[in-house]
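I opened the notebook to record what I looked up in one structure. The entries follow the order in which I checked things.

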Amino acid sequence: MESQPSYSKYRWVMLVLSALTSLVPTIIFVGPTVFIPMMMEDLNITTAEAGIIVTIVLLGAGLTGTLGGPLMSKFGIKHTRTIALVFYTIGGLVPLFTSSFTVLLLSRILIGVGMGIAAGTSVGVTMDWYPPKERPLINSLNSILSLAGSFLALVLAIPVYNAMGGSWKMTLELFGIVMLITTILWIIFAKNNVQTVSADPAGIEADPSVTRPVAKESVLRQVLRRKEVILLIVAYLSFMLASQSLQTFLPTYYQTDLMMSAAKSGTITSLISLASVVAGVLVGILMAASGRRKIFMWPLLVLLLIGCVGSVTLPDGWMLYGSVILIGLALNGWLPAMFTSVMELEGMTPEKAGAAQGVILSVGMFGGAVSTLVIGIIAEYTGLRNALLYFSFLAVFAIIATLIFPETGPKANRNRATM
């Protein structure tokens, strides 16, 4: 059984730090999406080239996402996340100092490297600091705050842009300064919870002999041998292929095809993040109360499919807004359940769970990068609406994978024990 004294009260300090390091990096990532039309004009670039501004981040994250687990095993969770935040910070501070599209892309690659390295650290921090009963709520909170960063970026971008004299560079620079402050706070106050080094390795009752990875086999290799991890890789990859392109291009689509203003398109797209916050709160509470995970995965991915299709096929009106809200409900509804399921797989340690989450997110982010790039190219021939619609239907594969995925929650464990 878990040892409650092993989870110190300092975890509430870590909660604040984790909140900041989930919220602010998302602002850095999402911020430029509102300014794509302005960037196209100022930098004299095409829609496809503008899409690379977002794509290159996901590409960098996809290529480095598997590093988090091994780095945590070698340097610890705190230092691994510190490395990631430094990359975020450097990338976030660059835009003001350049008018070069190439240099801007390099800064976005740095942000992607930070995103990739950080991918597995949230699960690591959660397993390291919080007892099993608190983990569904913590995972939901992390997802909520990450998407709240998207909401803030979309809502604040234009007002800040106007306050900065119509300079998207100054707006992004201000976001970078907030990122710098966040990184400094993490470096000063974050800690590794050494008290839980040998406590509760799987988040449920587990054999103490599996509290650390086998020395002769890498952590990454161990998790890739798990069927459950492969299913989640397929699910998250399909999810990203369907959703990332919409999150990137919906503001542009609404401005160019539905003739909305930049402010209105950003506000409508921000409904995704706002609905995600509501979904995250509800799912966290319901997961903790029900002891189930799977029921919060495939049904919400069905909503994602409906929302994606509706958001690019319906005219301006309440049904369009409802479709965007469905995307948000699905976006943050199933992810906390996925992250919690990873922790609850048999024999999981913080390092193993971090490696598993890292590879899941890495493959998904790489897919998101490819989809955004491909859509930017396809849009030149078929129009943005059709390109987005084609990718929306890839959510079907995420639905199938999560239908196959086994239940991991305490309710399932009790049911197995009584059989």
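Before placing any residue, I noted that helices here are DSSP runs of H or I with at least four residues, numbered from the N terminus. With that settled, I found Asn142 in helix α8, which covers residues 135–163. I also wrote down that this is a predicted model.

Leaving out residues up to four places away in sequence, I listed its contacts as Ser18, Ser22, Ser122 and Thr126.

I followed one of these, Ser22, which sits in helix α1 (residues 11–30). Ser22 has a relative accessibility of 9%, so I marked Ser22 as buried too. With the sequence neighbours up to four places away left out, Ser22 touches Arg81, Asn142, Leu145 and Ser146.

**Entry: the whole chain**

I then stepped back to the protein chain. I counted 18 helices and zero strands in it. The chain has 419 residues, and 59% of them count as buried. I looked at contacts between residues at least 6 apart in sequence, and 84% of these join residues at least 24 apart.

**Entry: the nonpolar cores**

Which residues touch the most other members of the largest nonpolar core? I found Phe35, Trp168, Tyr236, Phe239, Trp334, Met338 and Ile360, in a core of 114 residues. Helix α11 (residues 227–256) gives the largest share of this core, with 14 residues.

I took Tyr236 from that list and looked up its contacts. Not counting residues up to four places away in sequence, Tyr236 touches Trp334, Leu335, Met338, Ile360, Leu361, Gly364 and Met365. I also noted a second, separate core of five residues, among them Ala84, Val113, Ile117 and Ala118.

**Entry: α7 against α15**

To describe two packed helices, one gives the angle between their axes and the distance between the axes. For helix α7 (residues 121–129) and helix α15 (residues 350–382), the axes come within 7 Å and cross at roughly 155°. Angles over 145 degrees count as roughly antiparallel, so I recorded α7 and α15 as roughly antiparallel to each other. I noted the crossing of α7 and α15 as right-handed.

Which residues meet where α7 and α15 touch? From α7 I listed Ser122, Val123, Gly124, Met127 and Asp128, and from α15 Pro350, Ala353, Gly354 and Gln357. Sorted by class, this contact of α7 with α15 has four nonpolar, four polar and one charged residues. Ser122 had already come up in my first entry, as a contact of Asn142.

**Entry: positive phi**

Most residues other than glycine have a negative phi, so I looked up exceptions. Asn44 is not a glycine, yet its phi is positive, about 55°. I placed Asn44 in the loop between α2 (36–42) and α3 (47–64). Is Asn44 buried or exposed? Its relative accessible area is 69%, and Asn44 is exposed.

Met259 is another residue with a positive phi, near 60°, that is not glycine. I found Met259 in the loop between α11 and α12 (262–290). With a relative accessible area of 67%, Met259 is exposed.

Notes:
Residues are numbered from 1 along each chain as its sequence is written. This is a predicted model: local features need pLDDT of at least 70, side-chain atom pairs count only at pLDDT 80 or more; totals for chains, interfaces and linings use all residues. Side-chain values use heavy atoms; hydrogens and water are left out. A nonpolar core is a set of buried Ala, Val, Leu, Ile, Met, Phe, Trp, Tyr and Cys residues joined through side-chain atoms within 4.5 Å. Buried means under 20% relative accessible area, exposed over 50%, partly exposed in between (1.4 Å probe, protein chains only). Helices (H or I, at least four residues) and strands (E, at least two) are DSSP runs, numbered from the N terminus. Contact means heavy atoms within 4.5 Å. Axes are lines fitted to C-alpha atoms, for helices over the stretch in contact, and angles run from 0 to 180 degrees between N-to-C directions. Angles under 35 degrees count as roughly parallel, over 145 as roughly antiparallel, 65 to 115 as roughly perpendicular and the rest as oblique. A crossing is left-handed if the near helix is turned anticlockwise from the far one by less than a right angle, and right-handed if clockwise. Ala, Val, Leu, Ile, Met, Phe, Trp, Tyr, Cys and Pro count as nonpolar, Asp, Glu, Lys and Arg as charged, and the others, Gly among them, as polar.
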